[in-house]
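Reader: Could you walk me through this structure, please? I am new to this.

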Amino acid sequence: EDAEMDRLTAEQLRLLDALRYQRQMLVQGVAGSGKTVLAMEQARRLASEGFDVLFTCFNKGMAQWIDRTIRETGVAVTVRNFHQLAEDLAREAAVPPPGGIEVGSAAYFDEALPQMMMDAVEQVPTRFDAIVVDEGQDFRDIWWVALEALFRDPGDRIWTIFYDNNQRLYERDPAYPIGGAPFVLARNCRCTRKIQEVAAGFCHVAPGVIDGPEGRPVERVDLGEQDLERVLGVQLQRLIQREGLDPASIVVLTPRSASRSVLAGVDKVGGVPLWWSEPVPGGVQCSSIHGFKGLERDVVILVECDRAHPESRD
């Protein structure tokens, strides 16, 4: 399955060959179409050609993974999720948060940080020839303005924005800083057919062409009268001890935050360590769905479905 998905993703990379001389482009891709892989490759190629490249996205965990992955190729690309980028620039320019807005609040992240970033740009030398954005559907309009200020030559900017409006975290219509029709990735090649068939029932739009390997059926496990810890422990023991999976290839996702989940503070289930923020040797990661968005594992265990938003419980 891994080999087949890698082969299909490699085929997607041909899009970049065809669009090599496009200085500004929108790339719209369905879930599993390899947008992040293409975005990383686009950043790597631009940096290899001598451009100063910024890669930015919404998700902090994704930015950390992308930074490690690109570093391993030996190419220099600045990788930050948007809010970390804004905080770094504001700190460098000693721009304080505006009064009346609590640090860490929604208003701080959505409005204050972008404004602090724009104020900071006027005082720091940091500039880029090219900017590659992943998860563009989650960027607010003011964020694009802040990013535009980072171009070394506004008249010769290289923009590449990857997005999927069906994966928006917020109910709003994004306004992208690039005009024209997007290039479309319609092939879902990063997931198995069995998973795609189940997920398709929850999509508001067509999930794209189902192109991955067949895969194993999606399992539904009813807790019945048992508690989550007991049932989860049994499943992890089966996957790790009987089927031989690496614990690092498994993630447990919940619609709840780390502080509100039933698993908060649980160190082990079935003898298997669990961790939320700092990896534990031989442990399995737990995460909110929101925090893990855009990342991948070979096995995903979705728990606390009854605690999800009412529209998502089925």
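Author: Let us begin with a term: buried means under 20% relative accessible area, exposed over 50%, and partly exposed in between (1.4 Å probe, protein chains only). This is a predicted model, where local features need pLDDT of at least 70, side-chain atom pairs count only at pLDDT 80 or more, and totals for chains, interfaces and linings use all residues. Residues are numbered from 1 along each chain as its sequence is written, and side-chain values use heavy atoms, with hydrogens and water left out.

Reader: Is Glu-243 buried, exposed or partly exposed?

Author: Glu-243 forms a salt bridge with Arg-238 (a side-chain nitrogen of Lys or Arg within 4 Å of a carboxyl oxygen of Asp or Glu). Arg-238 has 15% relative accessibility and counts as buried. Glu-243 has 35%, so the answer for Glu-243 is partly exposed.

Reader: How many residues apart in sequence are the parts that Arg-23 and Asp-156 tie together?

Author: Arg-23 and Asp-156 form a salt bridge, with their closest N and O atoms 3.1 Å apart. Arg-23 lies in the loop between α2 (14-18) and β1 (24-29), and Asp-156 in the loop between α7 (141-148) and β5 (158-163), so the pair ties together parts separated in sequence by 133 residues. Helices (H or I, at least four residues) and strands (E, at least two) are DSSP runs, numbered from the N terminus.
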